[in-house]
Amino acid sequence: MLHNIKKYMLLCVSVIMLTSVSCCAIEEISIQNDSILTLTDCIKIALKNSPVIKRNKYNYGVSKSNVGIAKSAYFPTIGVSTGYTYNNTSSSARYGNMINNRNTYNVEASLNQLIWNFGKTNANIRMQKFNLITALFNFNDGVLDTIYEVKTNYYGVLAAKAAVDINKANVQINERNYQRTKAYFDEGIKSKIDLVNAEVNLSNSKVILVDAEKAYKNAMVNLNNSMYIAFTPDYQIEPTETFHLSTTYIDLAELDQKNNIDALPDEVSDAKLVSKVEKTDILTDYKFEEFPYTFEKSVELAYQNRPDIKAYDATLKAMEENLLYIKREYYPELTANAGYGYRDTNSTNSFNVGLTLSSSINILGKKHEIDAGKLQVRLAQNEIDLLKQNVYFEVQNAYINMIELEKQIPLLAVKVRQTLENFELADGRYSVGLGDFIELQDAKVQYNNAQHSYVQTVYNYNVARAGLEKAIALQQDITITIEEVN
């Protein structure tokens with residue numbers, strides 16, 4: 001008895017905790033031309049639009065109805081029937097034919113009430129309640145998945161935008177180098193091969209820029225897909241504190257312009273006097289807060305917070321209640337019934353009241369059902385053990401990736417500054433005739449690659465941190481409750 005009371009208390013506490021999560025209501029966000037959306041805005045849009053979240057809410061509604069259906073076994077069953085019968089009987093006899101017509105009309109009403117079935121209905125009700133909790137945890141798990149997808153694609157857009165900016169600056173650098181090399185060639189200072197190499201590098205940089213622009217558009221498509229929006233006007237997104245872009249916004253309309261990228265740049269009369277390297281600071285004011293939990297604490301939080309683990313726990317309890325229900329089907333049912341009937345034949349009225357104790361069971365079939373029920377309980381427990389093991393390694397991988405990337409970011413920032421300084425020195429040597437074109441190009445490539453590596457690592461870190469937060473089901477600033485879903 002005490003065990004059952006504890007179960008009911010646990011069930012009530014779980015429902016209260018799940019239904020009392022406080023969060024701000026998700027307001028409607030409309031996207032206009034040239035809108036600038038934040039990460040918070042994109043998450044809100046996705047939570048409002050997600051068919052996955054809506055599907056989980058509908059499944060929750062189905063489970064809630066199943067609880068009501070299970071409880072309805074304690075409510076009386078009312079039956080009403082009426083009928084009309086026409087009977088025509090004819091027979092042949094020695095002294096003539098005999099015809100007998102009889103018309104009969106009747107009305108009957110019945111009332112059946114379950115009194116006790118030795119806990120079978122209670123077990124079924126508890127099973128459906130645990131299924132309801134499972135549905136609610138599945139809803140919360142869908143919310144976490146949606147937030148993670150938006151964050152990943154949002155950071156993907158920022159990374160793609162940074163790549164476009166880097167490659168635009170690279171094109172400008174190659175244009176200036178070409179102009180300067182051509183001026184040197186015209187004056188007989190540099191050879192023809194340097195001029196040809198400058199043309200090739202300029203063409204390659206333009207091809208790479210086109211690829212980067214395509215990647216940016218695809219990244220925007222992925223972000224729109226994660227927010228479940230289509231036919232949206234052009235909009236921009238704000239940088240985040242951990243992914244702060246210093247350059248201006250990219251306009252998709254600008255990317256669609258049919259510029260003549262095959263044409264070489266116009267000559268500049270004083271190109272040989274230009275020796276300053278174009279400096280491109282893609283990321284500025286980069287900052288991040290140290291992750292507040294150790295690996296051990298992260299695993300502990302994952303076991304405590306993960307909705308899928310809680311859903312599996314609730315499923316296990318539902319399987320245990322289902323097994324209890326199957327076992328109790330051996331017991332009979334005690335029901336009360338009352339009925340009233342009227343027949344127009346001789347104006348007959350009848351009323352009856354009674355108690356019935358009944359049981360009907362296939363013993364062999366029930367034995368196999370019990371065996372199957374026991375295996376379902378073991379299977380549910382095994383799935384929990386497997387999930388917890390997978391969660392442990394998932395958190396471990398995410399934690400290691402985040403920490404390693406966290407260490408790499410400042411090192412790569414230093415590398416960007418070092419390669420820039422090397423490029424400036426190589427550019428200065430080339431401008432005064434001390435260095436060759438190959439040395440200059442190597443320095444430029446190193447500087448360009450260092451910037452790309454820096455941006456990619458910052459992107460990987462943001463995604464890794466978002467993945468770790470999802471893995472431990474960390475409470476999010478923006479979320480949605482099941483009551484807020486339309």
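Which residues do ring pairs link into a cluster? They are F291, Y293, F295, Y392, F393 and Y399.

1. This is a predicted model, in which local features need pLDDT of at least 70 and side-chain atom pairs count only at pLDDT 80 or more, whereas totals for chains, interfaces and linings use all residues. Residues are numbered from 1 along each chain as its sequence is written, and side-chain values use heavy atoms, with hydrogens and water left out.

2. Searching the whole structure gives nine aromatic pairs, where rings of Phe, Tyr and Trp (its six-membered ring) pair if their centres lie within 6.5 Å, and planes under 30 degrees apart count as stacked, over 60 as edge-to-face and the rest as tilted. For F291 and Y293 the ring centres are 5.9 Å apart and the planes stand at 80°, so this pair is edge-to-face.

3. F291 counts as buried because its relative accessibility is 7%, while Y293, with a relative accessible area of 27%, is partly exposed; buried means under 20% relative accessible area, exposed over 50%, and partly exposed in between (1.4 Å probe, protein chains only).

4. The rings of Y392 and F393 also form an edge-to-face pair, because their centres are 5.4 Å apart and their planes at 85°. Y392 is partly exposed at 30% relative accessibility, and F393 is partly exposed at 42%.

5. Charges over rings deserve a separate point: K388 lies over the face of Y303, 5.9 Å from the ring centre, and the charged end of K470 sits over the ring of Y148, at 5.9 Å from its centre. The criterion is that NZ of Lys or CZ of Arg is within 6 Å of the ring centre and within 35 degrees of the ring normal.
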